[in-house]
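Trainee: Could we go through this structure together, one question at a time, so that I can learn how each answer is reached?

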Amino acid sequence: MTKKSKEKSKTCTAPPLETPNKEEYADLLQTASSLTPQEAQVELVECARYGEVDAVRALLQVWSDKIEDFVNTTDDYGSTALHKASASGHESTVQLLLYHKAKHLPNTTGKNTPLHWAAANGHEKIVELILNHDFDSYQINAIDVLLKNSGGRSALTEGFTSQNTKLVGMLLEHDSAAEERLLMGAGGGARGGGARGGGASSSVCAVHSDDCKNGEIDHNNDEIDRDDNTPLAVQQGVVHEFNFLRDNSNHSTEQNDENIYTEEVQSQTQTQTQEQEQEQEEEKTLLVRELPIENADCPFDDGHDKLDTTGLGIWSASIVMARWMADKSILGRFDGKNVLELGAGCGVPGLVVGLYSTAKHVYVTDYNPVTMDNLQYNIDMNANRPYTKSPKGSGEGEWVERVKAISIDWNDETTWPQEKMDYVIGSDLIYQKSIVPLLWKVVKGLIKDDGIFLYTCPSDGRDGLQEFIDSVKNEGFYCYSQEVAPDLYRSNPLSNGDADQAFLHFYELPVTEYKLYEFRKRKTNN
């Protein structure tokens, strides 16, 4: 336990009596004394469940000396009084039980701890009581926020599900969620970590550059041999395997029935063919490596664009953007078109366009040299996978010919592609008002007349976003549409569906609202 956590941890004090007078509490003591041992155990769990704190107090006072470990009595499912009170949000009862040294144990059926249930139900005060209680005086290592239940979900995962950001923050700050633990692989071996920490599974693994060859990852390589000359950031890269078509079919079909089916009747053979093609599409996964963000306290390095290290990590807005790009409601629009991603970072949205569409060219762009090296690495890592070759009959080139990483300086037009783009895409590019004029200059300079700029960002918390929207007309564009991203776009993108890994890496994703913008460039009058 760290010094900080020792200072925070303390034994809970007993809450005051809630009964109005001593006579009533004396009656509770008498009732508790009249019970059989078995009845007393049942009553303890049930009274805790309903928050009858003084009844629990009386039971503990009468029976703790008579029945060994009475406070940790369990029901038929292995749940204790602390489980019940925590699940129901009874703060005083939890406080009393902890004062009497209730242990923090998993139950027998679902392997859930009291913290699991408190976090899942969004009981912020209960989570705080449990995390701050000094269990070490009678139960060593009682709290592990990453301990998984039978369903593979930890208390941290349950906390994210509750969408209580303060509760999640408390869980993330606990010692058991320390960075080195987040970097542990599924088999328990310590590995290097990405910008947000990570673990190894069929969808996430920490790798050295040479561990991904020809698009194949050695997930069983616990000990990674590193070249002494390899930069530390590269040594600690984390590769994610994404499936952005997961659960997308229903969402797209409901919105676009008229567009997808132009004929009322289709033959059974055509339908079967389409189903087979859809299954093949949904098997396509994307490998993307992220690196630790250097100078994390000041990653932007204002005035020194090449020192901006924000592109080394995968930001949640880019996950939402990638989901949008993979949605059938928009994906077909890229076929045969030139697409460029600005500020691509790890390149997730741009690579998704390259993977799932038949775009003519996809350019993923950034400026920081290490970011550019990583972009190229991500392109190469996916190059020789079976489905990165263009669909038969499309007439388009191979992956490496269609998808390219290019370095552009927004301030230097000589670094911009000479060919105008049909689509420019970007996610979470605006963090300060001063960037707005330059961003519009770049977008306007890259897009052809009638071209489209697609943009995704959090709905609030970004200085300059409103100025960006307000300046649309002055820059020769108009806002064709803006909408809140559907819940699907904020769902787990990992191919194996591991909820813990998704939350540990992209914890902002499910609890943040994102906006989707489509801007169209007006034709210039010649």
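**Reading the model step by step**

Mentor: Let us begin with one cysteine: Cys 479 has a relative accessible area of 30%, and it is therefore partly exposed. Please keep in mind throughout that this is a predicted model.

Trainee: Is Cys 346 buried or exposed?
Mentor: The cut-off to apply here is that a residue counts as buried when its relative accessible area is under 20%. Cys 346 has a relative accessible area of 3%, so the class for this residue is buried.

Trainee: How many disulfides are found in the whole structure?
Mentor: The test is whether a pair of cysteine sulfur atoms lies within 2.5 Å. When the whole structure is searched in this way, the number of disulfides found is zero.

Trainee: How much of the chain counts as buried?
Mentor: The chain folds into 23 helices and twelve strands, and among its contacts with a separation of 6 or more, 75% join residues 24 or more positions apart. The chain has 526 residues, and the share of them that counts as buried is 52%.

Trainee: Which helices do the buried residues of α5 pack against?
Mentor: Helix α5 covers residues 81-88, and six of its eight residues are buried; among them are Ala 81, Leu 82 and His 83. The helices against which the buried residues of α5 pack are α3, α6, α7 and α8.

Trainee: Which residue of β5 is the bridge partner of His 240?
Mentor: Strand β4, which spans residues 238-242, pairs with β5 in the antiparallel sense over five bridges. Within β5, the bridge partner of His 240 is Val 288.

Trainee: Which side chain makes a polar contact with the side chain of Glu 241?
Mentor: Glu 241 sits in strand β4, and with a relative accessibility of 15% it counts as buried. At 2.8 Å, the side chain that makes a polar contact with that of Glu 241 belongs to Thr 285.

Trainee: How far apart in space are Val 353 and Met 325, C-alpha to C-alpha?
Mentor: Val 353 lies in helix α18, and its relative accessibility of 0% places it among the buried residues. Beyond its neighbours within four places in sequence, its contacts include Met 325, Phe 334 and Ile 425. Val 353 and Met 325 are 28 residues apart in sequence, and their C-alpha distance in space is 6.2 Å.

Trainee: How many residues apart in sequence are the parts that the pair of Phe 334 and Tyr 423 ties together?
Mentor: The structure holds 14 aromatic pairs, and in this one the ring centres are 5.0 Å apart with the planes at 80°, so the pair is edge-to-face. Phe 334 lies in the loop between α17 and β6 while Tyr 423 lies in strand β9, so the separation in sequence of the parts tied together is 89 residues.

Notes. Residues are numbered from 1 along each chain as its sequence is written. This is a predicted model: local features need pLDDT of at least 70, side-chain atom pairs count only at pLDDT 80 or more; totals for chains, interfaces and linings use all residues. Side-chain values use heavy atoms; hydrogens and water are left out. Two strands pair if DSSP finds at least two bridges between them. Helices (H or I, at least four residues) and strands (E, at least two) are DSSP runs, numbered from the N terminus. Buried means under 20% relative accessible area, exposed over 50%, partly exposed in between (1.4 Å probe, protein chains only). Contact means heavy atoms within 4.5 Å. A polar contact is a pair of N or O atoms within 3.5 Å; within protein, one must be able to donate a hydrogen and the other to accept it, and residues adjacent in sequence count only if both atoms are side-chain atoms. Rings of Phe, Tyr and Trp (its six-membered ring) pair if their centres lie within 6.5 Å; planes under 30 degrees apart count as stacked, over 60 as edge-to-face and the rest as tilted.
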